[in-house]
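Below is a short note on the model, in numbered points.

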Amino acid sequence: MLCQKCHKRIANVHFTRVVNNQKVEMFLCEQCANEEGQMGFEAPLSVSEFLSGIMNFGNSAPYVNLASSDIVCEKCGMSFQEFQKIGKLGCSQCYRTFGERLKSILKRLHGSAQHNGRMPKKVSESIKISREIERLKELLNEAIKNEEYEKAAELRDRIRNLEVK
Amino acid sequence: MPGWYVEDGPESDVVVSSRVRFARNFEEYPFPSKMTREQGQSVLNAVRDAVLNNSSAAKNFVFIDIQQMSPIDRQALVEMHLISPDLAESQKQSGVLISKDEKISIMINEEDHLRIQCIYPGMQLDQALDLCIKVDGLLEENIRYAFDDKYGYLTCCPTNIGTGMRASVMLHLPALTMTGYIRNILDACSKIGIAVRGLYGENSEASGNMFQISNQVTLGQSEEEIASNIKNITSQIIEHERSLRDQLYKQNPYRLEDKVLRSFGLFTNARILSSEESLKLLSDVRLGVNMGIIKGISTEKLNEIMLLIQPGYLQKITGKPLSPEERDIKRAEIVRNKLGCSI
């Protein structure tokens with residue numbers, strides 16, 4: 001059989017790659033196969049295949065019985081079974097929809113399920129505000145306990161102002 | 001030719017380039033795989049406008065619509081590491097914003113809505129991270145990112161969640177490969193959650209002793225921790241590589257000089273060069289330049305040649321599609337021109 005690309009040399013490599021979820025098989029000579037590989041298009045390694053391997057591992061665990069209870073994301077229509085097959089999620093809502101099942105996968109992948117890095121400015125400000133509110137509420141309780149009503153009133157106003165934000 | 005590859009970087013005898021990328025998504029739209037055409041177009045427009053409507057950024061960036069590009073031009077961008085292979089093959093409304101110095105590229109509608117990537121020559125991971133953070137901050141002013149207090153930045157693939165950050169360095173490791181010690185490095189890396197890949201894909205032998213080292217864990221560590229992990233591992237690998245180069249030379253100077261100079265002779269005199277052979281020869285020449293065996297050639301020049309001889313870029317500068325044989329002839333011609341060989 002001749003190489004399907006150059007049609008000159010004998011094909012001795014069975015080349016498979018996934019293009020848009022479609023498996024494409026080709027019989028190539030060694031040189032063309034190398035060039036295909038070097039062009040940087042989908043190398044034979046597949047992260048999602050590897051991933052779905054990890055995720056299916058969760059399948060056998062007794063606490064997740066998927067056959068009887070598949071969840072579907074309301075926003076994008078992705079089902080948990082579909083996710084396990086392709087290893088990718090459909091939208092940000094999926095993370096909430098698949099909750100605990102996803103959390104155990106994330107722990108397995110990263111050894112952690114708590115973000116520790118940067119956050120968008122808007123988010124970090126709102127987190128700062130909610131922490132400040134928590135702090136002031138504690139002071140307010142303290143003030144009421146000590147019958148410092150003037151101080152309590154002032155704290156209450158400050159909390160109200162922050163809550164508006 | 002502009003671009004990071006014509007600048008000299010620190011530790012450039014081993015480290016070719018440092019790269020950081022952030023994966024980001026819009027909160028309001030599904031990820032690209034589940035988007036409608038209209039949603040895809042909205043994302044594309046929003047990102048383009050966020051950059052091009054900013055007076056200081058607009059001067060510095062060029063927007064490219066991937067759908068409008070020929071396959072050869074797409075492939076050339078992949079070879080320049082400015083877009084990913086996935087984006088090049090994309091059938092969606094996708095695009096890329098590239099800075100004039102080619103250090104920043106913002107890919108739109110790849111696997112995630114946004115992939116911000118910064119690349120520097122040599123060992124400059126911190127610089128790449130700083131620049132990524134700056135670009136991220138600029139985009140954040142106009143875009144509401146999908147973000148969760150617990151999980152951080154939400155991404156299409158759970159392997160990118162959290163920081164959405166991938167830090168990678170491209171290393172030239174001929175001595176480790178020649179002596180076989182590279183196996184130990186690969187094994188050690190895989191045990192501590194560090195991925196090692198060849199220049200393009202898995203076949204490391206064929207890609208001229210080039211290895212790409214990157215983090216796999218993206219959730220639970222800060223961006224700085226991820227970068228410093230990669231830096232620590234890289235500096236250890238650099239040390240091993242350098243000491244092995246010295247040992248190889250001291251053991252038998254003639255043998256190493258012979259190997260390097262033979263390759264140099266072939267590289268600068270051949271009339272037909274396949275890309276596999278040229279990457280192999282280029283690796284030997286690079287080693288010779290780094291060790292002072294070959295004089296008068298800079299590492300930047302070799303970086304430039306490495307790019308010019310890739311199949312896509314080769315056809316781009318020729319201005320027409322070439323058959324594999326024509327490419328091999330053209331490749332040899334470029335190498336001879338660039339290295340100033342008059343024969």
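1. The interface of chain B and chain A holds two salt bridges by the rule used, which asks for a side-chain nitrogen of Lys or Arg within 4 Å of a carboxyl oxygen of Asp or Glu. One salt bridge pairs A:Glu82 with B:Lys34, with 3.4 Å between the closest N and O atoms. B:Lys34 sits in the loop between strand E1 (15–24) and helix H1 (37–52) of chain B, and A:Glu82 sits in helix H3 (residues 80–86) of chain A, so the pair joins two chains. Over all chains the count is 22 salt bridges.

2. On provenance: this is a predicted model, in which local features need pLDDT of at least 70 and side-chain atom pairs count only at pLDDT 80 or more, while totals for chains, interfaces and linings use all residues. Residues are numbered from 1 along each chain as its sequence is written, chains are lettered from A and ligands numbered from 1 in the order in which they are written, and side-chain values use heavy atoms, with hydrogens and water left out.

3. Between chain B and chain A there are 14 residue pairs in polar contact (both at pLDDT 80 or more). A polar contact is a pair of N or O atoms within 3.5 Å; within protein, one must be able to donate a hydrogen and the other to accept it, and residues adjacent in sequence count only if both atoms are side-chain atoms. Elements of chain B that give two or more residues to the side touching chain A include helix H5 (125–140), helix H10 (275–290) and helix H13 (324–338). Helices (H or I, at least four residues) and strands (E, at least two) are DSSP runs, numbered from the N terminus.

4. In extent, 57 residues of chain B are in contact with 49 residues of chain A, contact being heavy atoms within 4.5 Å. The two chains bury about 4,600 Å² between them, 55% of it from carbon and sulfur atoms. Buried area is the accessible area (1.4 Å probe) that two parts lose on being put together, summed over both. On the chain B side, B:Lys34, B:Glu89 and B:Pro158 lose the most area to chain A, together 14% of what that side buries.

5. Chain B itself splits into domain 1 (4–242) and domain 2 (253–338), with bounds from an automatic or database domain assignment. The C-alpha centres of the two domains are 26 Å apart. Here 23 residues of domain 1 touch 21 residues of domain 2, and about 1,900 Å² is buried, 66% of it on carbon and sulfur atoms. In domain 1, B:Tyr5, B:Ile72 and B:Glu79 lose the most area to domain 2, together 27% of what that side buries.

6. What polar links join the two domains of chain B? The rule finds one salt bridge across their interface, and four residue pairs are in polar contact (both at pLDDT 80 or more). B:Lys316 and B:Asp73 form a salt bridge with closest N and O atoms 3.8 Å apart. Helix H3 (71–79) and helix H6 (174–179) of chain B each supply at least two residues of the domain 1 side; H3(B) gives the largest share, five residues.

7. Overall, chain B has 13 helices and 10 strands. Its C-alpha atoms fill a box of roughly 65 × 45 × 35 Å along the principal axes.
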